[in-house]
Amino acid sequence: MQNKKSVFISIIVLIAIFIGAGIYYKNSQSEKMVTMSKEQAQVFQRPYSFVIGNENAKVQLVEFFDPACETCAIFHPKVKQLMKENEGNIKLVLRYAPFHENSNYAVKMLEGAREQGLFMETLEFMFSTQGYWIHGHTVDPQKLWGMLSNIKGLDLEKLNKFMNDPKADEIIRQDLADAKTLKATKTPGYFVNGKPLQTFGWDNLVALINSEL
C-alpha cells in the first residue's frame, strides 16, 4: 500500500514538474518573441528616424532613400499626395541609404538642417536642385553647400559646426546596417508594414499599401 502511495505521489510530482516546465517554456518563448518583435521593429524604425504622419497609423511605409537619388525625388511628391489622400492612415519613416559617391555629405547637411527644424524644407530643396550639385552620379559637396543659403532660415554657421559632429555619421552607419539586414540595395527601397516592395514601380507600391489599408 505504501509503495502504491509513493508511486502515486511520484507521478503527481512528475506531472507538476512537466506542467511547470511547459509553462516556463511558453513564457520564455513568449518573452523571446516579444524581444524579437521589438528588435525587428527597430530595424525598420529607429528612435531617431524621421517620421511623417500619424505615429499610430495603420500603415508604416519605410523608405530607404538617398538625397542624390533621382527616382527618390520623383517619388517624393507622389508619396506625399498618397498620404494626403489617406490622411492619418499612413506614416512615412525616412531612412538613409547614401549609395551615391559623396552622398554622405548631403545626408550630414540634411541632418544639420533637421537640428534647426528645417528637415523637409532642405530635403525638398535638395530634390529640386539635384541637377546642379550632382555630376555623373557623384555629389559635389561644395556646390551643394554653396546653394544651401537659398533655404530660408537655415543658419549656415550652425550647420558648419554640425558637420564635424559624429552624430550624423552614427545615424548613417546604423541606417546602412539596417538596409543591409533588410536587403535594401537600391533607392528608393520601400517596406510596407514590414513587407518589401518585391517588384519596383509606383503602381506596385500603391497596390501594396492599399492591401494593408
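Biologist: What percentage of the residues in the chain is buried?

Modeller: Buried means under 20% relative accessible area, exposed means over 50%, and partly exposed lies in between, with a 1.4 Å probe and protein chains only. Of the 213 residues in the chain, 42% are buried. The chain exposes about 12,700 Å², of which carbon and sulfur atoms supply 55%; accessible areas come from the Shrake-Rupley method with a 1.4 Å probe, and for residues only the protein chains shown count as cover. This is a predicted model, in which local features need pLDDT of at least 70 and side-chain atom pairs count only at pLDDT 80 or more, while totals for chains, interfaces and linings use all residues. Residues are numbered from 1 along each chain as its sequence is written, and side-chain values use heavy atoms, with hydrogens and water left out.

Biologist: How many helices and strands does the chain have?

Modeller: Helices (H or I, at least four residues) and strands (E, at least two) are DSSP runs, numbered from the N terminus. The chain has nine helices and seven strands.

Biologist: In what order do the five strands of the open sheet stand?

Modeller: Two strands pair if DSSP finds at least two bridges between them. The order in the open sheet is β1-β3-β2-β6-β7, with mixed pairing. The edges are held by β1 (50-52) and β7, each with a single partner strand, so one side of each has no neighbour in the sheet. Three bridges connect β1 with β3 (residues 90-96) in an antiparallel arrangement, and F50 is opposite L94 of β3. Helix α2 (residues 70-85) packs on this sheet and touches β1, β2, β3 and β6. The direction of α2 makes about 160° with that of β3; angles run from 0 to 180 degrees between N-to-C directions, and axes are lines fitted to C-alpha atoms, for helices over the stretch in contact.

Biologist: In which sense do β2 and β3 pair?

Modeller: The pairing of β2 and β3 is parallel and extends over seven bridges; V62 has V93 of β3 as its bridge partner. By contrast, β2 (residues 59-65) pairs with β6 in the antiparallel sense over four bridges, and there L61 stands opposite V192.

Biologist: Which residues of β2 point one way, and which the other?

Modeller: In a regular strand the side chains alternate between the two faces of the sheet. From β2, V59, L61, E63 and F65 point one way, and Q60, V62 and F64 the other. Seven of the seven residues of β2 are buried, so the strand is largely enclosed by the rest of the structure. In β6 (residues 189-192), G189 and F191 point one way, Y190 and V192 point the other way, and all are buried.

Biologist: How many residues lie between the strands in the hairpin of β6 and β7?

Modeller: Two residues lie between them, and N193 takes a positive phi near 50°. The strands β6 and β7 (residues 195-196) run antiparallel and are joined by two bridges; K195 in β7 is the bridge partner of V192.

Biologist: At what angle do α3 and α4 pack?

Modeller: Two packed helices are described by the angle between their axes and the distance between the axes. Helix α3 (residues 103-115) and helix α4 (residues 119-128) pack at about 150°, with their axes 7 Å apart. That makes the two helices α3 and α4 roughly antiparallel, on a scale where angles under 35 degrees count as roughly parallel, over 145 as roughly antiparallel, 65 to 115 as roughly perpendicular and the rest as oblique. Contact means heavy atoms within 4.5 Å. Residues A106, M109, L110, E111, A113 and R114 of α3 make the contact with F119, T122, L123 and M126 of α4. In α4, seven of its ten residues are buried, including F125 and F127.
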